[in-house]
2 protein chains.
Amino acid sequence: MQEIAIIGIGQTKIRESWDKSIREIAGEAVLAAMLDAGISTADGLFIGNMMSAMTSHQENLGTLIADWIGLQGKEAFKIEAACGSGAAALRMAIFAVSSGEMDIAIASGVEKMSEVPGSEITAALATAADADYEAVHGLSFVALNALIMKRYLHHYKWKHEDFAPFSVNAHINALSNPYARLHNKISVEQYQKARMVSDPINLLDASPTGDGAAAVIVTSKSKLSNLDISRKPIIEIIGSASATDYLAVHDRINPIWLGAAEKSAKKAYAQAGVSPNDIDFFELHDAFSIMAALSLEACGFAERGEAPRIALNEDIALTGRIPIATMGGLKARGHPVGATGIYQIVESVQQLRGNAGETQVENAKIGMSQNIGGSGATIITHILKAD
Amino acid sequence: MQEIAIIGIGQTKIRESWDKSIREIAGEAVLAAMLDAGISTADGLFIGNMMSAMTSHQENLGTLIADWIGLQGKEAFKIEAACGSGAAALRMAIFAVSSGEMDIAIASGVEKMSEVPGSEITAALATAADADYEAVHGLSFVALNALIMKRYLHHYKWKHEDFAPFSVNAHINALSNPYARLHNKISVEQYQKARMVSDPINLLDASPTGDGAAAVIVTSKSKLSNLDISRKPIIEIIGSASATDYLAVHDRINPIWLGAAEKSAKKAYAQAGVSPNDIDFFELHDAFSIMAALSLEACGFAERGEAPRIALNEDIALTGRIPIATMGGLKARGHPVGATGIYQIVESVQQLRGNAGETQVENAKIGMSQNIGGSGATIITHILKAD
């Protein structure tokens, strides 16, 4: 892999954006990233998005947004990998820059979910699962994750309350993040008493959706000297890999093991020449608390069945062995699905630049982010390093 | 650009596939391409598709199809650029191979449109246009193209019947293509009397939709000797470029000029070191007859306003100066939207291998294909050469 640098980041506050269309939300993030990088144009735009057709009656989304932000004429595409669409778009931007076909590429993720009824969002999210063998039975996306969590609780003999630290930690870390959707501290008791969504997943196991966009600008490190970019610290992408699994959960060899997370993380570790011990923080895909646990195990931060223990031991806190969801994670920053993978990258860059404010991880030099599409089917891992 | 070779092609017959799901249709094309190339695996899969969420309640489509064809674990993504999704997927595969991140990549396009009512397809196709400024007024996709055609007829003083040769030629060329949707010769009189769809576009100006998939396997030419591939003639991609325009037709500087076609064609010509005179055939995006005319002009095969004349002069026939739609084009082979761009590439490879049967273009050495997303908004051009 060529040496790729991130030279600009941008993001919008995750909220219900009744006042803005999908192009305006994406534009806000992309233009912020261009301003951050000090550039006024780029060679191409890769938009990660899952459900614009279903929620905004809009496809051709790459071109729509390129047009909106003044990049008419440039290459533009939409990339879809369910909730992993954001990091998938970054992967394409890396391909494009790494191949020499583009000097500067923009990867952005955007989702607008508030404008349609909740029942339509439930149906839209279910398209991440296998339509013919899972969703057809009435299984919603949260129900699939609930089956996984139930199996995990049964197999490893944990109690539901043992998962509280994942949500409590995420909510604490979001408090000082101005872009986060939720700014409320929660207690273990509140977690335990939260309204049930799909047993055993309750409202405080689940991430809130929302409207939002995030963007990053990438270029080849070898091109940096040719660019008139502002002198922000350069963050290097030292690992980028993705892997897939059986789409339907019932087809997987072990439904409580994220094989694609393991595979993509191992590839990324090998590219970066690092091991889990070298990772200073981990922006994982805690769409549901069970996913945080499974990600930690698959990526080598906890033994099988031991993720709740490291959470209970506060290893996941900002001062712990492997801080996660450092700016709120999906759980409290929010999860505008196609945008999430880029929010993770943007937050990793904030940490590595030392700009993470009150939740800065001390001496953060190497960070990992991992974006999941479907309930473990498509998993994309990036490792970033402060140059 | 690295030297990229196409080592395998596959396609399904375009029809109403009531008996097959979207994964089965795509699988048939991809497995045919793998068989053609003599390979049993690949590093990644790029699926061009526009409307699977709307017609099959299915996203995460890349991973779904990778799973179905036995590529579990490998990288997989869906790429969307409206009706240009197919060629957009090939463009990603080229990035991936060119960057060295993949040795062998599969680009496939698939669409399944028959299973939902026509009104839903009309709504789904309209997502290729600007939802907030075009579709919101009730403009369907064909209506947008009708406005363009009406303006063209007015501006250049052509009559509707002067467009007949585009459709007549496409229907003749599809007769011997076993994968084509339509196998009926049409007369100029039939063309003139066809039922009106959206004035001045009648049924014989418009391409039929359908269910279908096509696939190509690409690798770097430098990797060919390492591969145990069957000894088919190697077809090289000597030009690959894409460009965008203002999405909404009313925003364009000239609504009857395809700026993005001109831009992407010029880039591709420059990469390939050729001019329009060197192109032996042109698989253009004749979704509507007006689009065939505009493509010929924007790519330098006809002067502005002169495309109907070169069609009337039979320059577009198999033995003419620039044969188009050599195996039926969108008009008669059919237009399963997200798959079309790959059908064009597959047919170009058939021509360059000398395997195009009754519609073989004599001594075809260099072929061009051009895929359009939206009514001219996203245009991707590829130039292929027999090695």
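I began with chain B, where β1(B) and strand β7 (residues 212-220) pair in the antiparallel sense over 7 bridges, a pair being counted when DSSP finds at least two bridges between two strands. Within this pairing I found Ala5(B) opposite Thr219(B) of β7(B).

Before going on I noted that this is a predicted model, in which local features need pLDDT of at least 70, side-chain atom pairs count only at pLDDT 80 or more, and totals for chains, interfaces and linings use all residues. Residues are numbered from 1 along each chain as its sequence is written, while chains are lettered from A and ligands numbered from 1 in the order in which they are written.

I then looked up the pairing of β1(B) with strand β8 (residues 235-244) of chain B, which is also antiparallel and runs over 3 bridges, with Ile6(B) standing opposite Ile235(B). Strands here are DSSP runs of E of at least two residues, helices are runs of H or I of at least four, and both are numbered from the N terminus.

For burial (20 or more other C-beta atoms within 10 Å of a residue's own, with C-beta atoms placed from the backbone), I noted that 8 of the 8 residues of β1(B), residues 4-11, are buried, so the strand is largely enclosed by the rest of the structure.

Finally, I noted that the model scores ipTM 0.98 and pTM 0.98.

Note on methods
A residue is buried if 20 or more other C-beta atoms lie within 10 Å of its own, exposed if 12 or fewer, and partly exposed in between; C-beta atoms are placed from the backbone.
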